[in-house]
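My entries follow the structure.

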Amino acid sequence: MSFKLPERFTIPLPPPDVFIAIRNEHGHYCPMSTCGGRMGWAARKRLEAAGISGRLMALVYARSCALDGIVQTTGCDEATGTLRLLPGGQQRLDLRTESGAGISVQLTAAALRRSGAYRQARAMLESQRAALSATELRQREAALAVQLDILLDELRTCPDEELMMMTELTAAVKG
Ligand SMILES: [Zn+2]
């Protein structure tokens, strides 16, 4: 079985409550859990738009903050055996039916760069924390919080194509 996406359809962006639910599960707002939410949402909504229903299986290739976003938006998780972690290390999600048909979503280099820049700024602040005065520390933390807010807003609202590459997965051929 293969599937055909409807012509000229648009996938809506995840509504704000999706990101709130991810934060509640994940414990903090961060770029990668946000990206994971976008990946899972984009994949699931495309399968729904193509009329694919039934039990879905998620394959992920890295254990990172993105996992909580993927769990929240796909409904797949390790506890129920519907999400499996495979080696590879890429920020990639394969969402497929039991026949193997589905969609593979991988974060773009640009998305990884944007998330990485924030992670580095945060690590830099942590490494300098002990040497900073209370005032400096407050200023740096405030600046970092602003950087995070701007980045999260971009990651929540940018078009899918800026964030991820998508490939259709076809069912395994029998015999
Ligand atoms: Zn996180």
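I looked up where α2 meets α5. Pro 31, Thr 34, Cys 35 and Arg 38 of α2 touch Leu 151, Leu 152, Leu 155 and Arg 156 of α5. I counted two residues as in contact if their C-beta atoms, placed from the backbone, lie within 7 Å. Helices here are DSSP runs of H or I with at least four residues, strands are E runs of at least two, and both are numbered from the N terminus.

The model is a predicted one: local features need pLDDT of at least 70, side-chain atom pairs count only at pLDDT 80 or more, and totals for chains, interfaces and linings use all residues. Residues are numbered from 1 along each chain as its sequence is written.

I then took the geometry. α2 and α5 (residues 134–157) pack at about 10°, with axes 9 Å apart. Axes are lines fitted to C-alpha atoms, for helices over the stretch in contact, and angles run from 0 to 180 degrees between N-to-C directions. The angle makes α2 roughly parallel to α5 (under 35 degrees; over 145 is roughly antiparallel, 65 to 115 roughly perpendicular, the rest oblique). The α2–α5 contact residues divide into five nonpolar, one polar and two charged. Nonpolar covers Ala, Val, Leu, Ile, Met, Phe, Trp, Tyr, Cys and Pro; charged covers Asp, Glu, Lys and Arg; the others, Gly among them, are polar.

Next I turned to α3. α2 (residues 31–49) and α3 (residues 66–74) pack at about 30°, and their axes are 6 Å apart. That makes α2 roughly parallel to α3 as well. The contact includes Cys 35, Met 39 and Ala 43 of α2 and Ala 66, Gly 69 and Ile 70 of α3. Its residues split into eight nonpolar, nine polar and two charged.

Which residues have the most contacts inside the largest nonpolar core? I found Cys 35, Met 39, Ala 43, Ile 70 and Leu 93, in a core of 26 residues. Such a core is a set of buried Ala, Val, Leu, Ile, Met, Phe, Trp, Tyr and Cys residues joined through C-beta atoms within 7 Å. Buried means 20 or more other C-beta atoms within 10 Å of a residue's own, exposed 12 or fewer, partly exposed in between, with C-beta atoms placed from the backbone. α2 gives the most to this core, seven residues.

Beyond its neighbours within four places in sequence, its contacts include Ala 66, Gly 69, Leu 107 and Leu 155.

Last, I checked the whole protein. It has six helices and five strands. Of its 175 residues, 29% count as buried.
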